[in-house]
Amino acid sequence: MFDLSGKKALVTGSTQGIGFAIAKTLSDHGAAVFVNGASSMEKCARAAEQIPGSVPVQADLTKPDDIDRLCDTVGGVDILVLNASIQYKRDWDKFTAEEFDAQMLCNVKSTYMLIKRFAPYMQKQKWGRIVTIGSVNQYNNHPQLLLYGVTKAAQLKLVRNIAPQLAPFGITVNNVAPGAVDTPRNRDALSDTDFYNKVISSIPCGYIGRPEDIAPAVLLLCSEEGRYITGADLVIDGGMCL
Ligand SMILES: NC(=O)c1ccc[n+]([C@@H]2O[C@H](COP(=O)([O-])OP(=O)(O)OC[C@H]3O[C@@H](n4cnc5c(N)ncnc54)[C@H](OP(=O)(O)O)[C@@H]3O)[C@@H](O)[C@H]2O)c1
């Protein structure tokens with residue numbers, strides 16, 4: 001079950017956190033994985049060292065030239081996991097134009113551009129798996145995550161629109177929407193006891209998720225066994241949204 005031998009996978013934003021757990025899980029099940037991050041090649045290489053056989057590729061997804069270079073380096077992939085995102089926390093009227101653009105470029109535009117670049121290869125293979133990583137903020141109205149929520153809702157729209165168009169080619173397109181997950185992104189915030197307790201009290205399961213709680217669902221969606229699941233939005237949040 002869940003044998004990805006012979007499949008090539010790109011996981012964006014996989015130097016740490018949820019992306020790293022996804023890359024590791026796909027690799028553990030046989031996929032040849034490309035590990036990506038924006039900040040430095042050294043960080044990409046450090047992450048790749050922990051995933052046997054994986055290949056590091058530095059590319060900042062807010063930059064069109066980097067996206068081109070990433071696609072040229074990677075060639076075709078059978079599995080595309082769009083996990084990288086930029087998140088700014090501000091009151092709704094405090095975002096700068098640059099912050100607006102960065103979130104849109106990384107979280108929405110690069111998702112569209114990468115699906116567009118890799119879909120033809122998948123169509124030729126008559127097999128492909130595309131998974132976007134969304135967030136419960138697609139739905140929730142967090143007062144300081146207005147633009148992040150907008151980008152995640154937009155990304156889900158891409159998934160729902162493209163999924164039926166690629167389904168006849170054996171390609172599935174799905175979204176996974178995590179709740180609160182313990183990653184470097186929110187470690188500072190969660191180290192505040194009051195905030196931590198507030199978050200915990202909003203999660204029926206009673207604990208913060210770990211990246212390993214998200215990766216198995218992505219594995220299912222990327223596997224042959226997941227072939228009949230497309231256009232889905234899988235919320236993984238310990239019941240937070242209920
Ligand atoms: N953690 C949560 O509670 C939570 C909840 C809901 C949804 N999510 C979503 O889950 C995904 C992963 O979150 P996380 O918490 O694991 O994030 P994280 O710890 O902040 O890691 C983000 C990853 O994305 C990469 N990245 C950032 N900007 C990039 C860019 N411009 N181009 C390419 N890569 C870039 C980072 O690479 P470098 O550091 O090497 O640049 C890093 O590998 C995101 O889409 C996030 O929105 C997370």
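Predicted model: local features only at pLDDT ≥ 70, side-chain atom pairs only at ≥ 80, totals over all residues.

Biologist: What makes up the protein chain, in helices and strands?

Modeller: The protein chain has eight helices and seven strands. Its C-alpha trace spans about 50 × 40 × 35 Å along the principal axes.

Biologist: How do you know whether the radius of gyration agrees with a compact globule?

Modeller: Set the value against the rule. For 242 residues, a compact globule would have a radius of gyration near 18 Å. The protein chain has 17 Å, so the two agree.

Biologist: What share of the residues counts as buried?

Modeller: Of the 242 residues, 42% count as buried. As for contacts between residues at least 6 apart in sequence, 68% join residues at least 24 apart.

Biologist: Now the helix pair. Why are α4 and α5 called roughly parallel?

Modeller: Helix α4 covers residues 97-125 and helix α5 covers residues 146-166. They pack at an angle of about 15°. Angles under 35 degrees count as roughly parallel. Therefore α4 and α5 are roughly parallel to each other. Their axes lie 9 Å apart.

Biologist: What is the hand of the crossing?

Modeller: The crossing of α4 past α5 is right-handed.

Biologist: Which residues meet there?

Modeller: On the α4 side they include F100, M104, V108 and I115. On the α5 side they include L147, A154, L158 and I162. The residues of this contact divide into twelve nonpolar, five polar and one charged.

Biologist: Next, R117. Why is R117 called partly exposed?

Modeller: R117 sits in helix α4. R117 has 18 C-beta neighbours inside 10 Å. Buried needs 20 or more, and exposed needs 12 or fewer. The value falls in between, so R117 counts as partly exposed.

Biologist: How far is R117 from V77 in sequence and in space?

Modeller: R117 and V77 are 40 residues apart in sequence. Their C-alpha atoms are 10.0 Å apart.

Biologist: And I22: what makes I22 count as buried?

Modeller: I22 lies in helix α1, residues 17-28. I22 has 31 C-beta neighbours inside 10 Å. The cut-off for buried is 20 or more, so I22 counts as buried.

Biologist: Which residues does I22 touch, leaving out those up to four places away in sequence?

Modeller: I22 touches V11, S14, V81, N83, A215 and V218. As for A154, its C-alpha is separated from that of I22 by 22 Å. I22 and A154 are 132 residues apart along the chain.

Definitions and conventions:
Residues numbered from 1 in each chain as written. Axes fitted to C-alpha atoms, helices over the stretch in contact; angles between N-to-C directions. Helix = DSSP H or I, 4+ residues; strand = E, 2+ residues; numbered from the N terminus. Parallel < 35°, antiparallel > 145°, perpendicular 65-115°, else oblique. Left-handed = near helix turned anticlockwise from the far one by under 90°. Contact = placed C-beta atoms within 7 Å. Nonpolar A, V, L, I, M, F, W, Y, C, P; charged D, E, K, R; others polar. Rg over C-alpha atoms; globule rule 2.2 N^0.38 Å.
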